[in-house]
Amino acid sequence: MDRPRIAIFDTTLRDGEQSPGCSMNVQEKLRLAQQLDRLGVDAIEAGFPIASDGDFEAVQRIAASVRRPIIAGLARACTGDVDRAWQALQGAAHPRIHVFLATSDIHLKYKLRISREKCLERAREAVRHAKSLCADVEFSPEDATRTDVAFLCQVVEAVIAAGATTVNIPDTVGYTMPEEYGQLIGTLREKVAGIDTVTISTHCHNDLGLAVANSLAGVQHGARQVECTINGIGERAGNASLEEIVMAMRVRGDRYPYETAVAGEHLYPSSQMLAEITRVPVQPNKAITGRNAFAHEAGIHQDGMLKNPLTYEIMTPQSVGVPDSRLVLGKHSGRHALALRCEQLGHQFERRELDEVYRKFIVLADRIKKVQDSHLLELIQDVSSSDAAGKKFPPAAATLPFPRAAAAGANSNSNDSHPAHVSGSAGQATVSIPFTDHHSEQEDYLWGV
Ligand code: KIV
Ligand code: ZN
């Protein structure tokens, strides 16, 4: 049976740009939009045209030049905003007007100072107006997860009757829990007339670190569009991270049997491009795209990785566009990885010599945070000159391939003769291992599950 298709609605250029320090100019937005197109997202929310002339121009330029995906422009539920959004979207091949209006009592009372009746009327009118301009209209009841459920159902029903084609359910303040959010989507499907004629969408913020889990729960209960951002950027703690959503569904297809059109190999380049443009670095331990996502320092892990990457990685780095896995040499490393790195630097050791190098290496790694190749070479010199029996070879060229099974002192898998290669020798000593052999018979992203 075909797996249901989940549309990926990327809002990096709109909600993402609202995160402090992440604003982008028109040129940068255009460049990122082109990358999102390569990535294969279904919709790009290009901006909030009424917000500024820059936002208007960015939406207009993206609409004119990025032709495959839907291009959405955000608008508050009022005529001026909707008209401005439509003006910016004129050149789009697939335009969408995205109208939003808060529906929770707390927003109605303190922010908008309007009654529920007024809110219902505004939502209905704004969607009706948007629909008179554009066939594709999305409506978001802002702060939906803190809205009285019966009133939320009433608003959603009214906007569907007024012509909305997508209904997005924002967890604006990142307050909901996965089970609760899933149930809310289920309730809307059960209670709202006409809900089967529209696409239900998730839009989850990450204030409690649950944005991805909540989005996935929404999908399990019938949502067929997920709103998300590259690197999870967005207001406050951010939005659901696009790369995490996509890879969760891909790696755990047994639990989440859904498809997206995202090209996995463009995930890491997209993340890097965003970090470069905004100058906001990706946190090192960020799932999927962080610098440590495919790095291993613990000796037991490195030994496992060298024997079979299935031991410690659930997806290949290549499946998300990361060039290869890295074994980082630090105080938690073991003999296996150290021997491999020494060999990559042109030095093979007998077991006893390796023990000596290893002992000195651990003392050094305990003292300094980053062991560089130059430190390692000094240490090797030390051991070699104090041990006449040491077999010392001249350093090999840094890019020379060599058989992984030949790592000195290692219980390497003798069937595994695929080459590893030495990473750039500047900076911390690392061992790069492109494990192309282990996933040839399986889907690229799935090694062992
Ligand atoms: O978080 C939110 O409620 C929003 C809406 C504008 C969709 O970003
Ligand atoms: Zn948002």
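I took axes as lines fitted to C-alpha atoms, for helices over the stretch in contact, with angles running from 0 to 180 degrees between N-to-C directions. Helices (H or I, at least four residues) and strands (E, at least two) are DSSP runs, numbered from the N terminus.

**Ground rules.** I am working with a predicted model, where local features need pLDDT of at least 70, side-chain atom pairs count only at pLDDT 80 or more, and totals for chains, interfaces and linings use all residues. Residues are numbered from 1 along each chain as its sequence is written, while chains are lettered from A and ligands numbered from 1 in the order in which they are written.

**The whole chain.** I found 14 helices and 13 strands in the protein chain. Of its 449 residues, 51% are buried; that word asks for 20 or more other C-beta atoms within 10 Å of a residue's own, exposed means 12 or fewer, partly exposed lies in between, and C-beta atoms are placed from the backbone. I then looked at contacts, meaning pairs whose C-beta atoms, placed from the backbone, lie within 7 Å. Among those between residues at least 6 apart in sequence, 72% join residues at least 24 apart.

**H1 against H2.** Two packed helices are described by the angle between their axes and the distance between the axes. For helix H1 (residues 26–39) and helix H2 (residues 53–65), I read axes that come within 9 Å and cross at roughly 35°. The crossing is right-handed, a label for the near helix being turned clockwise from the far one by less than a right angle (left-handed if anticlockwise). On the H1 side I noted Val26, Lys29, Leu30 and Ala33, which meet Gly54, Glu57, Ala58, Arg61, Ile62 and Ser65 in H2. By class, this contact has 5 nonpolar, 2 polar and 3 charged residues. I counted Ala, Val, Leu, Ile, Met, Phe, Trp, Tyr, Cys and Pro as nonpolar, Asp, Glu, Lys and Arg as charged, and the others, Gly among them, as polar.

**Two helices and their cover.** H2 has 13 residues and spans 18 Å from first C-alpha to last, close to the expected 18 Å; the expected span is 1.5 Å times one less than the number of residues. Its buried residues include Phe56, Val59 and Ile62, and their cover includes H1, strand E2 (43–47) and strand E4 (95–102). Helix H5 (residues 116–133) has 18 residues and reaches 26 Å, close to the 26 Å expected. Among its buried residues I listed Cys119, Arg124 and His129, and E4, E5 and helix H6 (149–161) are among what covers the buried set.

**Around ligand 1.** Which residues are around ligand 1? I listed Asp15, Phe100, Ser140, Glu142, Asn168, Pro170, Thr172, His203 and His205, using a C-beta atom, placed from the backbone, within 6 Å as the cut-off. The shell divides into 2 nonpolar, 5 polar and 2 charged. Strand E5 (137–142) and strand E6 (166–171) each supply at least two of its residues.

**The loop between E8 and H9.** Asn239 sits in the loop between strand E8 (225–228) and helix H9 (242–251). Asn239 counts as buried because it has 33 C-beta neighbours inside 10 Å. Its contacts, not counting residues up to four places away in sequence, include Asp15 and His205. Arg236 is found in the loop between E8 and H9 too, and has a phi near 50°, positive in a residue other than glycine. Arg236 is partly exposed, with 13 other C-beta atoms within 10 Å.

Terms used: Two residues are in contact if their C-beta atoms, placed from the backbone, lie within 7 Å.
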